Amino acid sequence: MATKKKTFSASSGGNTSLAPWLGIAAIIVLIDQITKVTINKLFVFGESRPVTSFFNLVLAHNKGAAFSFLAAESGWQRYLFTGIALAAVVFIIYLLKRHAGQKLFCWALALILGGAIGNVIDRTIYGHVIDFLDFYVGNWHWPAFNVADMAITGGAALFVFDELRRVGK
């Protein structure tokens, strides 16, 4: 029995299924939400528990964006950041469909997608993002963050690496 040889266009890079990338994003959302619910149940707002000499678990609420940008505003920023994230989700899904076979690029997008959805869930349910990872040196603390933030940052780093790798070819 003869089988057809599959051919792929250079632009698709091979597999055009969204499923693996949406699966990665779903795993990020699941881990993000489980960790946030756990911290929210075990801690009271502002409570901090030392883990190491440079790391605490803390329950913090961020009404703004990265580094608490616009956190002190009256509440309109919740809708702005939710809208931006939802637009990003739609655009990322479009990019994933269009470039589903470009593995590193799609890994980056899937991580960003999962992180964006995780933080949108928080903004929708609580009106703020739950942060709980607090790294510090001496008295200087990095702004608290969460699993979604790590996924977004990791995805952005992979995206930059993928672009630099492509430019270098």
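Q: What percentage of the 169 residues of the protein chain count as buried?
A: In this predicted model, 37% of the 169 residues count as buried. Each of these has under 20% relative accessible area.

Q: Why is Val 137 called exposed?
A: Val 137 has a relative accessible area of 64%. Exposed means over 50%. Val 137 is therefore exposed.

Q: Where is Val 137 placed?
A: Val 137 lies in strand 3, which covers residues 129-137.

Q: What makes the nonpolar surface patch of about 550 Å²?
A: Phe 54, Phe 135, Val 137, Trp 140 and Trp 142 make this patch. Patch residues need over 30% relative accessible area. Val 137, at 64%, therefore passes that cut-off.

Q: How many helices and strands are in the protein chain, and how do they run?
A: The chain has 4 helices and 4 strands. From the N terminus on, the order is α-β-β-α-α-β-β-α.

Q: What describes the packing of helix 1 and helix 4?
A: Two packed helices are described by the angle between their axes and the distance between the axes. For helix 1 (residues 19-42) and helix 4 (residues 147-168), the angle is about 145° and the axes are 8 Å apart.

Q: Which residues of helix 1 and helix 4 make the contact?
A: Helix 1 brings Ile 28, Ile 31, Asp 32, Thr 35 and Lys 36. Helix 4 brings Val 147, Ala 148 and Ala 151.

Q: How many residues of this contact are nonpolar, polar and charged?
A: The contact has 5 nonpolar, 1 polar and 2 charged residues. Asp and Lys count as charged, so Asp 32 and Lys 36 belong to that class.

Methods: Residues numbered from 1 in each chain as written. Predicted model: local features only at pLDDT ≥ 70, side-chain atom pairs only at ≥ 80, totals over all residues. Heavy atoms only, no water. Patch = residues over 30% accessible without salt bridge, like charges linked within 9 Å, V, L, I, M, F, W, Y side chains within 5 Å. Areas by Shrake-Rupley, 256 points an atom, 1.4 Å probe, with all protein chains shown as cover. Salt bridge = Lys/Arg side-chain N within 4 Å of Asp/Glu carboxyl O. Helix = DSSP H or I, 4+ residues; strand = E, 2+ residues; numbered from the N terminus. Buried < 20%, exposed > 50% of the residue type's maximum accessible area, 1.4 Å probe, protein only. Axes fitted to C-alpha atoms, helices over the stretch in contact; angles between N-to-C directions. Contact = heavy atoms within 4.5 Å.
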